[in-house]
Each structure stands twice: as structure tokens, then as C-alpha cells.
Amino acid sequence: MPAKKARPRIFVTQPISERALARLRAVASVKVFPNSGRIIPKRTLIAEVRNADILFCLLHDAIDHDVVTANPNLRLIAAQSITPSNIDVAAATGQRIPVTVTAPLTTEATADLNFGLMIAVARRIVEGDRLARTGKFPGGQSAYLMGSYVWGKTVGLIGGGGLIGKAVARRAHGFSMRVLYWTPRRKSEHEEREAGLTYVPFERLLRESDFVSMHSPFNKDTYHQISVRELRLMKKTAFLINTARGAIIDEAALVRALTRRKIAGAGLDVFEREPKIDAALKKMPNVVLTPHLGSAVPEVREEMANMVVDNILALLAGHKLPNCVNPQVFAL
């Protein structure tokens, strides 16, 4: 009687959708790092990769050279992420390991959070919440927590010609806002008109915007896209909003600008050295911080997890991988 074929071993770096896990368990042995409250330590991750055939990782996991090369028999790195920005794809390709991602599913959820950060920091909502919880109530017409209008103001979208930028623009139009945008490659007039976007040069956007909202992809050209010079160009009454990637803002320069009141405040969902957040930012009342919550709604995470499962099942069935970023591994 032929020996029973061993089930593939899949390691998942944090708890995910139960429906997605059930699909995986139907075809494989699945182990999940159980703590959703913290990122898996690197030493633990490497140990688990050595005992896995497939790695199911999340956006925040650092899949560096050490992790990629920990197991020469690893068959797939399947990321619950739109881009492989935290994965050493070159190392994976050198090891002949395919890397898969998901389709851009986070547009509306991220735009919701982006606009929420704008309102929260401008209207000092977090400060008001903390005050109310201490039992203080200055009065319904007190000047104690005077904020800034969002309605009718100007928002400038840097790298804002993409899906999330356009989604933020739709929300901004509901607040009668003027919507400026800048990208290295300007959109067509038809696309601008349809999205209600006005193209302006980069420096003009910084000078005229009441809210500067970051939507650039992270690459060598956008590293520290906002730094000392750019912050100096912004209005002293302006707010900086970032739900894109942390390193497109020079965090040290931002801290200095906020400390010296060169800009009014910031709403940040991403950070230059995630999961670490600059200690000075955490102390500033005019900064609203969230721990990378852009896609954190059940419907989005469910769909993303199942798309990762689709990639894994395609590999196990010997089919073409739907979202592979290095398909050349199959020709090596």
C-alpha cells in the first residue's frame, strides 16, 4: 500500500479570517502565531519558517534575507499585502521562491481612515475625548479646545492620482473642499475632471493646502519626500496626514516642525520605523496616531486573507499564481 502523502505545512504569522483558515486546513497542516496584539519576533519567525513549506505573512512582517534563506525548501511566500515592500524579493527570487501579494482591496477603508485623521486632528477630537474622560467639561461654547475647519478648506494630495487619493477626493468634495493634487506623471484632463482633481506643481500644493495628504508609493524616489524644505513651505495652520508609508516623511524633520509650530499638527497611521513610534510624537497633543489601521475593517481583511489562500491553493494545485511578483522563478 503506497505511503500516505504528507500534507503541506503552512505557517501564518498572526490570526486571520476563520473562513480563510478553514480553507487552508482542508488541504494542509496549518500553524498560526496566536498573538494578534504584537508582531511575531524575528527569532520565532525564522524557527517557524524552517518547519514550514509555505509562509503566510502580513504587511508588517519583515521578511528579510535571514527569513527568506532560513529554509531552502520553502515553496511560497504568500503576503497579505498589496505590495511586497517588506519582503526581500531579490533574495526570494535567488532561492527560487515565488512571492505573491493581493489586489488593491484597501482603497475605501484607507480613505475612510485618512479623512477620519483629518477631522480628528483638526477638530481636536482625541484631546476632547481625553478631557471628557477626566471629568472636565469646559462648556459648550468654551474657547478651551478651539479647532480648525475642515469644511471648505483645501486638501492637497501628494501622489494623489491613484485609487486611494481619488477616494479621499470624493470624501473631500462632500465637505466642499478644494482638491489639489500632484504626481510625477499628471493624469489626463478627462480623469482629472471626473475625479474633481486640480493639478498644481509640488511646491504650490504645499503652500496652498490646509491639509497635505500623502499617497505616494514608497520607493527610492519617495524616501523622505517630505522633509525640512517641504515642511517649511507648508502653512503654519496646515496639517500633514499620512496613511501611505512611513518613510516618505522624514520623521525627525516632522518632529522639529511640530515642536517649533511650523505646522499645526499631523494625523499619522504609518511611521518611518514601524512598529517603533518616535517618543516625541507620542507626547504631542496636536498629533493623532493610529497603529497602521488603514485596512482594519472585517470585510477588507476577509477578502484579503482569502485572496492569499487563492494564491496558496493555486500553487498546491500546480496552477498559475494569480498575484505573483516574481514569476521568473518558474523559469529558473
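Is Arg-229 buried, partly exposed or exposed, and what is its relative accessibility? Arg-229 counts as partly exposed, at 43% relative accessibility. Hi everyone, and please keep in mind that this is a predicted model.

Let's stay with that arginine for a moment. Its side chain meets that of Glu-203 in a salt bridge, 2.8 Å from N to O. Glu-203 lies in helix α9, residues 202-208, and Arg-229 in helix α10, residues 228-233, so the pair ties together parts that are 26 residues apart in sequence. Glu-203 is partly exposed too, at 27%.

Helix α9 has another pair for us. Glu-208 forms a salt bridge with Arg-204, with the closest N and O atoms 2.8 Å apart. These two sit 4 residues apart in the helix, which means about one helical turn separates them.

Now to the other end of the numbering. Lys-42 and Asp-66 also meet through their side chains in a salt bridge, at 2.8 Å. Lys-42 belongs to helix α2 and Asp-66 to helix α3, so this pair links parts 24 residues apart in sequence. Over the whole structure, the search finds 20 salt bridges.

Let's finish with the strands. β11, residues 265-268, pairs in the parallel sense with β10 over 4 bridges, and 3 bridges join β11 to β12, again running parallel. Ile-241 has Gly-267 as its bridge partner in β11, while Leu-268 has Leu-289 in β12. Gly-265 and Gly-267 point one way from β11, Ala-266 and Leu-268 the other way, and all are buried. Together, β10, helix α11 and β11 make a right-handed β-α-β unit. Thanks, everyone!

How values were computed. Residues numbered from 1 in each chain as written. Predicted model: local features only at pLDDT ≥ 70, side-chain atom pairs only at ≥ 80, totals over all residues. Heavy atoms only, no water. Buried < 20%, exposed > 50% of the residue type's maximum accessible area, 1.4 Å probe, protein only. Pairing = 2+ DSSP bridges. Right-handed = clockwise from strand over helix to strand, strands pointing away. Salt bridge = Lys/Arg side-chain N within 4 Å of Asp/Glu carboxyl O.
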